[in-house]
Amino acid sequence: MKKILILPILILFILASCEKVVDIDLPSTAPKLIIDASFEVMFNKNPIIANTTVKLRLSADYFEENIPVVTNASVFITNLANGNVIDFSDTDLDGDYEPTTSFIPEDNSVYELTVIYENETYVGRATKIKSTTLTNVTQGESTLFSGNETELELNFIDDGNQDNYYLFDFTKNNFFTLEDRFFNGSNYNFSFFYLEDEIELPSNVTVKMSGISKEYFTYFRILVRQSGQGGGGPFQPVPTSLLGNIVNTTNDANFPLGYFHISETDTFSLDLVDKTK
Amino acid sequence: MLLLQDKIGKMKIYLNPFFLLFILLFSLNIYSQEKITLSGTVYDKNSNETLIGVTIYLPEVGSGTMTNEYGFYSITVPKGNYKVQVSYLGYSTILQTLDLSSKTTKDYKLVEESESLEEVIIETNVEKLNVRTPQMSVNSLSASTIKQIPVVLGEADVLKSLILLPGVTSAGEGASGFNVRGGAADQNLILLDESIVFNSSHLFGFFSIFNPDVIKDVKLFKGGIPARYGGRLSSVLDIYQKEGNSKEFKLTGGIGLVSSRLLAEGPIEKEKSSFLIGGRASYAHLFLPLFDIDNTAYFFDLNSKINYRFNKNNNLFLSTYFGKDLIRIDDSFSNNYGNTVINLRWNHLFSDKLFSNLTVIYSDYFYGLNVDAAGFEWNSGIGNFNLKYDFKHYLNNKFKLGYGINNIHSSFNPGKIKPNTTDSGIIERQLTKKYANEFAAYIEAEHKISNKLTLQYGLRFSNFLRLGQNELNVYQNNQPVIYNEQFKKYESAVATSTDSFQRSDVIKSFNNLEPRFSFSYLLNENSSLKASYNRMAQYLHLLSNTSSPTPLDVWTPSGKYIKPQLLDQYAAGYFTSIKDGDYSLETEIFYKDIQNRIDYINGGNLIANNEIETIILNGKARAYGLEVLFKKNSGNFTGWLSYTLSRSEQLTPGRTPIEPGINNGDWYSTAYDKTHDVSINTTYELNEKWKFNSNLIFQTGQPTNYPVGQYEVQGLNVPLYDDNRRNADRLPAYHRLDISATFTPSRNKNRKWKGEWVFGIYNIYGRDNAASLAFSQNQDTFKNEAIQTSIFGIVPSVTYNFKF
């Protein structure tokens, strides 16, 4: 919804503004550990599979072209319900840690992620968040400002028994967060638009829908906005540091960034055609 | 109880000087000799429009008065023969001798200087009187000045002109609202014919809502704000519109690149009643279909007024304002917003010394959104009923008294969502509406103690009641915001229960005494020292966490969780007029202290938030600075230099020692802090045909936030920001030069149709001024970039104005 609300402002900028890349000296800070652990359980697949990669990186100066990877950490996950420990390793030294034994997060279990890096211990906890399935995704006919956008119409049935928060991944760094505050329990549909330069038609896309926690929803909403994918411009709120749910238990002040989250995820693939031809 | 005692204690301190002054005042009245009152109304001779701020000066007694907002004046002097001088900027002065032996009513009709057949040059004391009056910190502009100042796309604009004067800035090109002396945009009281206007801009701030043809008088009070005004902290923008020509039918208009305007006015019953209808609309959108663009963005304003002069003592005015912006993108999205104001005023003279005005106002602001892509429509707004009764008591030539009451009942709709298609999954929902009542009573005096010392003092009492609403959340420990010590961040609390109220219940009540005081002390005939103090209370807050307000920001009243904003402002200044008013110099320093200025927790979502209290942190603000205004007032070459050096800061401390607050509990710059602000405006009248005008502006860049690093999460490249350096960086400095030329064809003189061309070039040297800096990754090269957005390059314009 955010993306849509920004649009009227965009129009005016298209009418009157000009953008240019400028050189600026930016401040710098000591590198921070980034723990990016968003697990997805593809609950609608048979057999059920899960994406359980823990990505460890360091933050870098803003104009630095390479983001350093962390390959020498020890990573494991503990199922606090039964005490089972799953070890993770980075065999190809790319900073992406995979479980050494196949691992599908269970319902209602609290998992604790532990990362030990340079003698400091980082800990975060997560429980799998339920999702629902995408009933249908189709290509629509509507457009936005330029007239060359591609519309996706999505449809799903929200669970009316609880507050739900969703994260949609339309690929190509197009994320969209949604809460069911105004459609709790209904058969909901909405449209997403790819801008002209974001997609080349015809194309096959896979849309992901994940159930996420309220906290992760808040986190991701700001993440998308601050990454510049949500519009940008003078009407943006003051940008802030984005603290996640992982703490440094050894040195409180050296807090990490990133998030540990486990979601149920449904995917939907479709072929998009060029309707202008 | 303790709190109450504390309050009473404070009241005593505030009241003491006033009691003393009242005693002084009544003792002055005891030895009065026989006095005569001269009163009346001053009009423009051609249009019969009343004139505001005309000086009526009696040189023999060395004192005078000014006409009020309805053209009325009254002065009481000992019996005798007096010279009376009636002068007004841009009009020929009337000088006559009156034998005041009994009560005299005298109306004056002034002739515009440019229209008078022969120049009757009389040395005017206009500037000298400005030096004398204790009112300070006022920026005023005449409608004709506003029309000459070059502006973007040639659209004459009150707000854009005001920001050329000291102490006033805007958040930038294409930003709504304005900031006065380091105050926030929601701290300006904007009055249009005494009605509160909530949204002052069209098209997200590109144009202000005030039609320049309809404006009669504009005053911006930045400090020393008289007690008759209240409800906002930083400033009062008091705009009066014309009442309409009651002598003959007139058409005025202008054709510009973006919008055109037309104003029709005329008598209904000659010199008794008149009407005025003014419209303005943009039409750039009409051309969009030519480029096969199926989108639209336009605005319009409609001003209409009728007034009726029953007799000398009774006048009735009905006026309405209706303005709207509409933006539509294809069929997937539309957006409209605007103000509606309806206003009925009755002027009544109880005696030649007692003027009264009763006003009833309905005012509302509406914001609507239709998003087909998500299957919903949304609307929000604020509406209020306002009743005012104001009295002006012209007791004698040394003492004027004003008093009155004001009651505003407001209802706030934070938002309502509705499905707009049959297959939409959206469920209709109304966010909890809020209600409030604000009452105020005031008394103010202008008191001439001696030939050198004049005082202006007053006291305003305000009472704010937050009235019952359907649901009010209750939180554990009364804390809607909690600090998560583990994750080091503020989080919204979840309500433990809700209270429900009757509409007549009072959830929370606030009372404030707001003393106002200023004085002027004449150093010599041409210069004076002035100083002022004012306390203001503001009970409404505009929820906005962007660097400039947007039309979808909503207003929220103070209540159980949000306290009223309170301000103390101190200002002092030196005013001098040089060479008999050919030049003038005004310098002022000010210091402002604001309590209960809100800020928001990181990541707080303001849009459609029904529990807004769960993202609000309470803090304070301060601003201080120096203002200089040097003017050349006469000759072919006129203009001004304005300079402001100031600082505007905010502090949001943690509530307990473990909480960091915002910016680690240290002072941080507000989004509208500008250290240096210089503008030079010049006008050169070459001959009767050609007039040239220019603006040169330089400002320190606005505060912004640079990232201190970058990282990646889920494939997204994210700039890393440091919470301990909020608003610590600056956009590049802002500067530009604008010029305009006004051409008046000479054949105008004897024709009824009078036209003029205004040619302008905005930003003539094409400076790319940064409206914002955005940091994001280029999706083609995957390199991080700092992208500067500039709004206006070189913008030429042409406007044709006419009168018929």
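In which sense do strand β6 and strand β7 of chain A pair, and over how many bridges? They pair in the antiparallel sense, over two bridges. Keep in mind that this is a predicted model.

Let's stay with that pair. β6(A) covers residues 85–89. Strand β7 covers residues 96–99 of chain A. The two form a hairpin, with six residues between them. One residue in the turn is L93(A), which has a positive phi of about 50 degrees. Look across the pair and you find F88(A) opposite P99(A).

β7(A) has another partner. Strand β4 of chain A, residues 54–58, pairs with β7(A). Again the sense is antiparallel, and again there are two bridges. Here V54(A) stands opposite Y97(A).

Now the interface between chain A and chain B. How many residues does each chain give to the contact? Chain A gives 81 residues, and chain B gives 81 residues. The area buried between them is about 7500 Å². Carbon and sulfur atoms give 63% of that area.

Next, polar links. There are 22 residue pairs in polar contact across this interface, counting pairs with both residues at pLDDT 80 or more. Which elements of chain A give two or more residues to the side that touches chain B? There are two helices in the list, α1 (2–16) and α2 (214–226), and the strands are β1 (18–22), β2 (33–42), β14 (187–194), β16 (246–248) and β17 (257–272). The largest share comes from α1(A), with ten residues. By type, this side of chain A has 46 nonpolar residues, 24 polar and eleven charged.

Salt bridges next. The count between the two chains is three. One to look at joins K488(B) and D252(A), side chain to side chain, at 2.6 Å from N to O.

β1(A) runs antiparallel to strand β52 of chain B, residues 784–790. Five bridges join them. Find V21(A), and opposite stands I787(B).

One residue deserves a stop: N189(A). You will find N189(A) in strand β14 of chain A. Is N189(A) buried or exposed? N189(A) has a relative accessible area of 19%, so it counts as buried, the limit being under 20%. A polar atom of the N189(A) side chain lies 2.7 Å from the backbone oxygen of D423(B). Setting aside neighbours within four places in sequence, N189(A) is in contact with L154(A) and N155(A) in chain A, and with A374(B), D423(B) and S424(B) in chain B.

Now some backbone details. First, two cis peptide bonds in chain A. One runs from N46(A) to P47(A), with omega near 0 degrees. P47(A) sits in the loop between β2 and β3 (49–51) of chain A. Another runs from L201(A) to P202(A), with omega near -5 degrees. P202(A) sits in the loop between β14 and β15 (203–212) of chain A.

Then chain B, and two residues with positive phi that are not glycine. N48(B) has phi of about 65 degrees. N48(B) is in the loop between β1 (35–44) and β2 (55–58) of chain B. E271(B) has phi of about 60 degrees. E271(B) lies in the loop between β19 (259–269) and β20 (273–282) of chain B.

How do these two residues stand for accessibility? N48(B) is buried, at 8% relative accessible area. E271(B) is partly exposed, at 38%.

Definitions and conventions
Residues numbered from 1 in each chain as written. Chains lettered and ligands numbered in written order. Predicted model: local features only at pLDDT ≥ 70, side-chain atom pairs only at ≥ 80, totals over all residues. Heavy atoms only, no water. Contact = heavy atoms within 4.5 Å. Buried area = accessible area lost by both parts, 1.4 Å probe. Salt bridge = Lys/Arg side-chain N within 4 Å of Asp/Glu carboxyl O. Polar contact = N/O pair within 3.5 Å; in protein donor to acceptor, adjacent residues only side chain to side chain. Helix = DSSP H or I, 4+ residues; strand = E, 2+ residues; numbered from the N terminus. Nonpolar A, V, L, I, M, F, W, Y, C, P; charged D, E, K, R; others polar. Pairing = 2+ DSSP bridges. Buried < 20%, exposed > 50% of the residue type's maximum accessible area, 1.4 Å probe, protein only.
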